[in-house]
Amino acid sequence: MTEAFIRLLRPCIYLCPYDELPQELKKDARPAARALGFPHLPEDVEVPSYRSHVVTIDCAALPADVLDIDFPADGHLVILAEITDDPEDGVIIHLPAGTETVERQSQSKSHEPFPLYAVPGTTKPDPLHWSQVAEAADYAEGDAERARLVTKLIDEIGEIPDVRWKYDLQLGGYSRAFHNPVEDRGKALFLSIPESAVFGDGCITLVSGTREQIAEHRYDELEFDVEC
């Protein structure tokens, strides 16, 4: 039964500032992304001024074989969006490795850029309930003591995921939606940008799509949703 609950967990990758890295990862840390600042894009790519540069991810710098969604193995992903409680759709651009780019100062102002580092993580469904596992439901049905034991097991499993906040962006895993998880709509989380003083105060931006859209790099079809 424990293994059935463990199978519900999903991997993710957090992108966090150097100061938030676990001590054991700091020695050989390599930046995996650049947050804020101006985007670096080919000269012929249009960049609307109302869509700020959120982050550029160096796909080759991410830990390999961690995510359970298809993510580019190389090149860069540039995310442009207006992180507010009433956003326009964002833009995701994949630049193949070796693409020539220039700094594009299309937006009127920008925060100072800073590097982000990759940390593998684990996420769980929220809420996690014994009814999600048939073995647990059968075991606990009609027995208060067994139901208590299963609930205790769920609480202990819930301690496994190290959910990080502050500046951290999340790639893959379960969405941390307050009201409308993307999974309830048959979507998979591609990227989430949590509330912070830098990325937006009081809101979380969720970027999601079907697994097919993500695998086929149909990033123009992904949805940007905000919960506050």
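At a relative accessibility of 11%, tyrosine 117 counts as buried, where buried means under 20% relative accessible area, exposed over 50% and partly exposed in between, with a 1.4 Å probe and protein chains only. The model is predicted, so local features need pLDDT of at least 70 and side-chain atom pairs count only at pLDDT 80 or more, whereas totals for chains, interfaces and linings use all residues. Residues are numbered from 1 along each chain as its sequence is written, and side-chain values use heavy atoms, with hydrogens and water left out.

The structure holds 3 aromatic pairs, a pair being rings of Phe, Tyr and Trp (its six-membered ring) with centres within 6.5 Å, stacked if the planes are under 30 degrees apart, edge-to-face if over 60 and tilted for the rest. In one of them, tyrosine 18 and tyrosine 117 have ring centres 5.5 Å apart and planes at 65°, so this pair is edge-to-face. Tyrosine 18 lies in the loop between strand 1 (10-16) and helix 2 (23-26), and tyrosine 117, 99 residues apart from it, lies in strand 8 (residues 114-123); helices (H or I, at least four residues) and strands (E, at least two) are DSSP runs, numbered from the N terminus. Tyrosine 18 is partly exposed, at 37% relative accessible area.

The rings of phenylalanine 71 and phenylalanine 190 have planes at 20° and centres 5.1 Å apart, so they are stacked. This pair also links distant parts of the chain, 119 residues apart, with phenylalanine 71 in the loop between strand 4 (52-58) and strand 5 (76-81) and phenylalanine 190 in strand 10 (residues 188-193). Phenylalanine 71 is buried at 16% relative accessibility, and phenylalanine 190 is buried at 2%. Ring pairs join Phe71, Phe190 and Tyr219 into a cluster.

A search of the whole structure finds 0 disulfides, a disulfide being a pair of cysteine sulfur atoms within 2.5 Å. Cysteine 16 is buried at a relative accessible area of 0%, and cysteine 59 is buried at 4%.
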